[in-house]
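Q: Could you take a close look at one part of this model with me? I would like to follow the charged side chains and how they pair.

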Amino acid sequence: MKEKKAFVFFNCDEEKSQTSMNVFYNSTFYSETKKARKELLAKVEEELKEGRIQIAEENKAKVEASIMEGNPADAGKFITYGSIEAFTIV
């Protein structure tokens with residue numbers, strides 16, 4: 001049986017240190033459904049627009065593809081001051 005995952009977007013420092021990821025500030029969990037992936041992408045786009053995270057222009061399509069079709073956690077390597085962490089649902 002495939003493990004179910006939930007994803008959380010975190011604002012964080014440039015090094016993506018665990019201590020900079022605050023679950024009380026970023027507490028929305030996104031499931032693996034298409035709807036939830038769209039909501040996660042919208043959250044990342046909002047954070048980018050507000051200037052809280054940075055994504056190089058050439059990586060924006062990679063971030064969107066990871067969130068919408070792949071493993072959303074992979075998008076984190078293209079985001080500065082933000083990360084997407086995966087959690088296994090038990």
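Q: To start with, is Lys43 buried, partly exposed or exposed, and what is its relative accessible area?

A: Happy to walk through it, keeping in mind that this is a predicted model. Lys43 is partly exposed, and its relative accessible area is 21%. Just under 20% would count as buried, so the cut-off matters for reading that value. The side chain of Lys43 meets that of Glu47 in a salt bridge, with 2.9 Å from N to O. Why can these two pair up? Lys43 and Glu47 lie four residues apart in helix α1, which means that about one helical turn separates them. In general, an α-helix has 3.6 residues a turn, so residues three or four places apart point the same way. Side chains of opposite charge can then pair when their charged atoms come close. Glu47 itself is buried, with a relative accessible area of 1%.

Now for Glu46, which forms a salt bridge with Arg52, where the closest N and O atoms are 3.8 Å apart. Both partners are partly exposed: Glu46 has a relative accessible area of 40%, and Arg52 has 34%. Through salt bridges that share partners, Lys43, Glu46, Glu47 and Arg52 are joined into one network.

Elsewhere, Lys5 and Glu3 also meet in a salt bridge, at 3.6 Å from N to O. Lys5 is partly exposed at 25%, and Glu3 is partly exposed at 48%. Across the whole structure, a search finds six salt bridges.

Methods
Residues are numbered from 1 along each chain as its sequence is written. This is a predicted model: local features need pLDDT of at least 70, side-chain atom pairs count only at pLDDT 80 or more; totals for chains, interfaces and linings use all residues. Side-chain values use heavy atoms; hydrogens and water are left out. A salt bridge is a side-chain nitrogen of Lys or Arg within 4 Å of a carboxyl oxygen of Asp or Glu. Buried means under 20% relative accessible area, exposed over 50%, partly exposed in between (1.4 Å probe, protein chains only). Helices (H or I, at least four residues) and strands (E, at least two) are DSSP runs, numbered from the N terminus.
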